[in-house]
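Student: Hi! Could you walk me through this protein structure? I'm new to reading these.
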Amino acid sequence: MDSAPHQVSRYQHDYSSPPSASGDALYTGQPPRGTTSGEINDDALLFLAVPAGWFIRAVAFLGELVASAILRLVFPVAILIGALRALPAVVAANLRRAALGLFAAACTFAALVAMLFVSVLLGFVLVRHWVDERVTVRQPLYFDYTEAQPSAAVALAGARGVALPAGHSVMVSMALLLPDSYHNREVGMFQIKAEALSVTGMTMASDTQPYMLRYKSTPVRLAQSALMSVPLTLGMRGETQTANLKVLQYREGHGRHKRTGHIRVLLQPRAATVQLPQVYKADLVVQTTLPWIKSLACGLKWTLCVWVSFSVYIVLVVLALCWVRTLAVSARNRRLSEIQGNGKMASDLGTGHNGESPRKELSEDLTVKMRARRRKRKAQLRTQIQGGSMELEFTEGSASGVAVRGDWSGPE
């Protein structure tokens, strides 16, 4: 029996119209009728590429952007080159010279701008290196109250300190914040001693200065407390006193034994007492003063920067001109030597080709002259023969010289 009529078709959909050639048909994942195995594999690859389509589109978009940018850069140059090729040789040569001139001008401008930038940078660096500035150091002080005379030191040299320039005048001051307490009222007065110690530990300068807390009577203190009760209660104002003292002044010297290493401050009680004041906060301020010449240079720092930069720029321009002139002279000498060598070769070649021509011309001239003389003699001889006279004569000093003389009347 034939089983072909009982087979059921695997494709139940009826494709009434084929997919359009433009590719707008919807992909259903099932192969249409009449498809081969190659088409099925292509459809499968397209199906696998669908999830990564955005990546492919992004890469294509980037490629188009890069290609368009390159074409926009290259297209004007190509048009210019084509236009130059289409021009006559003279115009193209003139345009080439103009382009070379513009390029040389652009290079010169770039070199001048670079030299200006370098000169300004060097000017600022040199002025900053040469001109000294005032040094100000502010460091907190922490007194050691375990000592009979509490002391505190500030390092001004080494890795943790700031070295003071030599020749500067140094002024040391101290700022104290003292509480307005009953203890400080009882202390009243105390001594402050400041010492400048060198790097080797020697005392370079020392000074002592007394200080007394400001006195306030009980009624004045009560009135101030009543008026400032709200700020005092809110903590906006405190019951303190501030003291600013100039404790030391000296000049920084030259040499290792005259360079400041530390500044030490001591609190000393007054005589017959051991009570020391209570201190909230203490700061040491070290300021230097320049000599008058350095002070003038520091005041004219920006003017010096401008002039030094201008001088450096002039020097750089002169050096560049000398260098370019040397290159130009060497190139000109090389050019002249090449031209002279070519001229010498040409003259040598001309002499080699024309060395025999003067001899040939001389021989030709002699031949022409001899022929002319022969013709002249023949003509004279003919005239004498026709005249009927002929003479023979021996010339003096010649055995072969013969002259013909006589009358010739012709044949009888």
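Here the chat goes through the helices and then the strands.

Tutor: Happy to! This is a predicted model, where local features need pLDDT of at least 70, side-chain atom pairs count only at pLDDT 80 or more, and totals for chains, interfaces and linings use all residues. Residues are numbered from 1 along each chain as its sequence is written, and side-chain values use heavy atoms, with hydrogens and water left out.

Student: Which residues of α3 are buried?

Tutor: Ala 92, Met 115, Ser 119, Gly 123 and Val 127 are buried in α3. Buried means under 20% relative accessible area, using a 1.4 Å probe and protein chains only. An α-helix has 3.6 residues a turn, so residues three or four places apart point the same way.

Student: And what does Val 317 touch?

Tutor: Leaving out residues up to four places away in sequence, Val 317 touches Leu 112 and Met 115, where contact means heavy atoms within 4.5 Å. Val 317 sits in helix α8, residues 301-353. Although Val 317 and Met 115 are 202 residues apart along the chain, their C-alpha atoms are separated by 7.6 Å.

Student: Switching topic: which residues does UniProt annotate as "transmembrane region"?

Tutor: The unreviewed UniProt entry gives 44-63, 69-87, 99-127 and 306-328. Such annotations may be inferred rather than shown by experiment. In the model, residues 99-127 are 100% helix and 0% strand, with end C-alpha atoms 42 Å apart.

Student: Now the strands. In what order do the four strands of the open sheet come?

Tutor: The order is β2-β7-β4-β5, with antiparallel pairing. Two strands pair if DSSP finds at least two bridges between them. β2 (151-155) and β5 (203-212) are at the edges with a single partner strand each, so one side of each has no neighbour in the sheet.

Student: How many bridges join β2 to β7?

Tutor: Five, and the two strands run antiparallel. One example is Ala 155, whose bridge partner in β7 is His 262.

Student: What about β3 and β8, how many bridges there?

Tutor: Nine, again in the antiparallel sense. Leu 176 has Ala 282 of β8 as its bridge partner. β8 (residues 281-289) is also joined to β1 (residues 136-140) by five bridges.

Notes:
Buried < 20%, exposed > 50% of the residue type's maximum accessible area, 1.4 Å probe, protein only.
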